[in-house]
Amino acid sequence: MKTILTGIRANSVLTLGNYLGALLPMVRLANEHSKDSQINIFVPDLHSIISDVDGSLKENTIRTIKYYLAAGLEINDNVHIYRQSYVPAHSELCWMLDCVATMGETSRMIQFKEKSKGQESCNVGIFNYPILMAADILLYDAEYIPLGEDQFQHIELTRNIAIRFNHKYGDIFTIPAKTADQVKFMGVSDGIRIRDLLNPEKKMSKSTAAENSKIMLDDSPEKAAKKIMSATTDSLGKIKFDMWGQPGISNLMLIESLVTNVPLQDVIATWAGETRYGDLKKQVAASVSAMLTDFQAKLAGITDEQVYALLESGEKYANEVANRKLLAVQKAFGLR
Ligand code: TYM
């Protein structure tokens, strides 16, 4: 059975970018493949502490798991939900992979460069982040990892570490699929990057201060619609999908496609030759508010008890699988 795995940090309420880039693709893939694949959904809570956390990580974690259920995740025996810090093998394998990865390749990670900006005061966790991520993936022999485009470099790094390790110690890790194949598996034409609504050259991010730049999953449907209506576009006066030339308009078309589950090509065809940006914004605002209305109603009906029951069985499963793999790696190094 192949394994499909993903994780989303629970530092705060998630954005529409997290939802459309990773959470919804994972839910759709899980529902499609969970009869014949293992579906691992985990909260990387140890990854969260690279930034200051305010004591609400536990509650945020429970809420993030509820998001998957509210987005329609169907549960069966092949669906496993767990918290990273409840499976100690992640941290232990991370150390071992630290001894396989190189300073050169890890220093080239864009997220590290952006977050550290060359400062010596930056914590070592920010540097080590992708190695822990590699451990999260390799412990479970995951082949497909639905993620937003900003994380693709970390998948390539994971592949390189696994290939190097296997070459030296034997075929212990499954090599995750190349990012081009990940994209195909997700059924999208390109990696997903939802843009900042006010500044569409940048990705939508929860850490951007301007309220109207991002849609949060707890925004009221009306508030989200207003944010879409005030999104930055351009003055070219044609509705065309061109992420470089018209990022604002293209971002709205991409959001429309992902929210309604209509292929991007069909959305592009629907708007071909149209010129009125206001009409496109109204359509996208309506789609996003309908999505949020449904999502928030479902979220309100999910209890903490439901989540804790899933975590109990998920963490038992995760520890069994992860410890087996960890032992194989310990043996390879001659530690056991
Ligand atoms: P995090 O929490 O930073 O991001 C969670 C997911 O949301 C995606 N994402 C976006 N996608 C499209 N457009 C956006 N504007 C946007 N913003 C965020 C991210 O690409 C990501 O998929 N490092 C992971 C967490 C992690 C992980 C793992 C994932 C830790 N270990 C192992 C998979 C497998 C991350 O980026 O989290």
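In which helix does valine 288 lie? The close-up views described below are taken from a predicted model, and the legends begin with this residue.

View 1. Valine 288 is part of helix H13, which runs over residues 277-300. With a relative accessible area of 0%, valine 288 is buried. When its neighbours within four places in sequence are left aside, the residues in contact with valine 288 are Ile215, Ala224, Ile228, Ile255 and Val259. For orientation along the chain, valine 288 and tyrosine 308 are separated by 20 residues in sequence, and their C-alpha atoms lie 30 Å apart in space.

**View 2. Threonine 64 in helix H3.** Helix H3 spans residues 57-70 and contains threonine 64. Is threonine 64 buried or exposed? Its relative accessibility is 0%, so threonine 64 counts as buried. Apart from neighbours within four places in sequence, threonine 64 is in contact with Ile8, Ala10 and Leu14.

**View 3. The packing of helix H4 against helix H7.** Helix H4, made of residues 89-98, packs with helix H7, made of residues 124-138, at an angle of about 120 degrees, and the two axes are 8 Å apart. The crossing in which H4 passes H7 is right-handed. On the H4 side, the residues that meet H7 are His90, Ser91, Leu93, Cys94, Leu97 and Asp98, while on the H7 side they are Asn128, Ile131, Leu132, Ala134, Ala135, Asp136 and Leu138.

**View 4. The buried side of helix H4.** Which residues of H4 are buried? They are Ala89, His90, Leu93, Cys94, Met96 and Leu97. These residues are on the same side of H4, because they cover an arc of only 165 degrees around the axis. Among the elements that cover the buried residues of H4 are strand E3 (79-83), H7, H8 and helix H14 (304-333).

View 5. Side chains of opposite charge can pair when their charged atoms come close. A search of the whole structure finds 14 salt bridges, and one of them joins the side chains of arginine 159 and glutamate 156, with a distance of 3.5 Å from N to O. Both arginine 159 and glutamate 156 belong to helix H8 (residues 152-169), where they are three residues apart, or about one turn of the helix. Arginine 159 counts as buried because its relative accessibility is 12%, whereas glutamate 156, at 28% relative accessibility, counts as partly exposed.

View 6. Lysine 184 and aspartate 181 are both in helix H9 (residues 179-186), with a spacing of three residues, about one turn of the helix. Lysine 184 has a relative accessibility of 63% and therefore counts as exposed, while aspartate 181, at 31%, counts as partly exposed.

View 7. Glutamate 211 and lysine 223 form a salt bridge in which the closest N and O atoms are 3.3 Å apart. Glutamate 211 lies in the loop between H9 and helix H10 (221-229), and lysine 223 lies in helix H10, so this pair ties together parts that are twelve residues apart in sequence. Glutamate 211 is partly exposed, with a relative accessible area of 43%, and lysine 223 is partly exposed as well, with a value of 36%. A network of salt bridges links Glu211, Asp219, Lys223 and Lys227.

**View 8. Two loop residues with a positive phi.** Most residues other than glycine have a negative phi. Although aspartate 141 is not a glycine, its phi is positive, at about 55 degrees. Aspartate 141 is placed in the loop between H7 and strand E4 (142-144), and its relative accessible area of 26% makes it partly exposed. Asparagine 261, also a residue other than glycine, has a positive phi near 60 degrees. The loop that holds asparagine 261 is the one between helix H11 (247-260) and helix H12 (264-271).

Notes. Residues are numbered from 1 along each chain as its sequence is written. This is a predicted model: local features need pLDDT of at least 70, side-chain atom pairs count only at pLDDT 80 or more; totals for chains, interfaces and linings use all residues. Side-chain values use heavy atoms; hydrogens and water are left out. A salt bridge is a side-chain nitrogen of Lys or Arg within 4 Å of a carboxyl oxygen of Asp or Glu. Helices (H or I, at least four residues) and strands (E, at least two) are DSSP runs, numbered from the N terminus. Buried means under 20% relative accessible area, exposed over 50%, partly exposed in between (1.4 Å probe, protein chains only). Axes are lines fitted to C-alpha atoms, for helices over the stretch in contact, and angles run from 0 to 180 degrees between N-to-C directions. A crossing is left-handed if the near helix is turned anticlockwise from the far one by less than a right angle, and right-handed if clockwise. Contact means heavy atoms within 4.5 Å. The arc is that of the directions from the helix axis to the C-beta atoms.
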